[in-house]
Amino acid sequence: MFYTNGMKIFFESMSEIEHFTKNLKCQEKLVCQHCLKFDQLVSHGYVYKNQHLSDDIKVGKRVLCSNRYNNSGCGHTTRLYLKGRIPKLSHGAFELFVFLSALISGLSIQKAYERAVGVPVSRQAYRWLHKLYRKLSDYRRFQDKNAQDDSLFKSRPKNLRQLLATLKQMFSQHSDCAGYHLHYQKPFI
Ligand SMILES: [Zn+2]
């Protein structure tokens, strides 16, 4: 998807993003994720927390493989994000981490969701869990399966038990979901 050629897409701060997008054409090894051309990338405006409000909080920036003027790119856009953003989700990495930590500490799905976002509506929590289950094999690739202990979660259904045991181990290495973004340069979910 976005990251096959190794473009960094998660950043520590907006100033780091600004720095990265300032001299795109001078970065020799930077290629478009789509067409693999290397000298057509231009900075192309901000990503806002709420897409409908252009004066809203900046959470990232777009990079365009330019097909305008004298450029011969493909027109594909890549989004760069602050480490706390999860692409396509309204809640951020921090809320998701609070939710998962609460589950790991033994709270029910509903209580964990309420702790994370302050609202006791758990439909969204199940949506998160479904996305997380689909990523489980991804998370497990980076884990030491021998060191995993899912006996802590034995009262949970099997898929949730596996997920929590894996994430417990992962968080002990990467601190949180935002840390995962910076380390692997992939969206957590
Ligand atoms: Zn391109």
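The domain assignment divides the protein chain into domain 1 (10-82) and domain 2 (93-184). Keep in mind as you look around that this is a predicted model. The C-alpha centres of domain 1 and domain 2 lie 31 Å apart.

Let's begin with a pair of helices. Two packed helices are described by the angle between their axes and the distance between the axes. Here, helix 2 (residues 93-104) packs against helix 6 (residues 177-184) at an angle of about 120°, and their axes are 8 Å apart. That angle makes helix 2 oblique to helix 6. On the helix 2 side, the residues that meet helix 6 are Ala93, Leu96 and Phe97; their partners in helix 6 are Cys177, Ala178 and His181. Sorted by class, this contact of helix 2 with helix 6 has five nonpolar residues, one polar residue and no charged residues.

Now stay with helix 6 for a moment. Which residues of helix 6 are buried? They are Cys177, Ala178, Tyr180 and His181. Seen down the axis of helix 6, these buried residues fall within an arc of 155°, so they line one face of the helix. What covers the buried residues of helix 6 includes helix 2, together with strand 1 (10-11) and helix 5 (158-174). Just after helix 6 comes Gln185, which takes a positive phi of about 55°.

That brings us to the backbone. Most residues other than glycine have a negative phi, and most peptide bonds are trans.

| Residue | Phi | Loop | C-beta atoms within 10 Å |
|---|---|---|---|
| Leu36 | about 70° | between helix 1 (14-22) and strand 2 (41-48) | 11 other C-beta atoms |

Leu36 has a positive phi although it is not a glycine. Is Leu36 buried or exposed? Leu36 is exposed, because 11 other C-beta atoms lie within 10 Å, and a residue counts as exposed with 12 or fewer.

How values were computed
Residues are numbered from 1 along each chain as its sequence is written. This is a predicted model: local features need pLDDT of at least 70, side-chain atom pairs count only at pLDDT 80 or more; totals for chains, interfaces and linings use all residues. Axes are lines fitted to C-alpha atoms, for helices over the stretch in contact, and angles run from 0 to 180 degrees between N-to-C directions. Helices (H or I, at least four residues) and strands (E, at least two) are DSSP runs, numbered from the N terminus. Angles under 35 degrees count as roughly parallel, over 145 as roughly antiparallel, 65 to 115 as roughly perpendicular and the rest as oblique. Two residues are in contact if their C-beta atoms, placed from the backbone, lie within 7 Å. Ala, Val, Leu, Ile, Met, Phe, Trp, Tyr, Cys and Pro count as nonpolar, Asp, Glu, Lys and Arg as charged, and the others, Gly among them, as polar. Domain bounds come from an automatic or database domain assignment. A residue is buried if 20 or more other C-beta atoms lie within 10 Å of its own, exposed if 12 or fewer, and partly exposed in between; C-beta atoms are placed from the backbone. The arc is that of the directions from the helix axis to the C-beta atoms.
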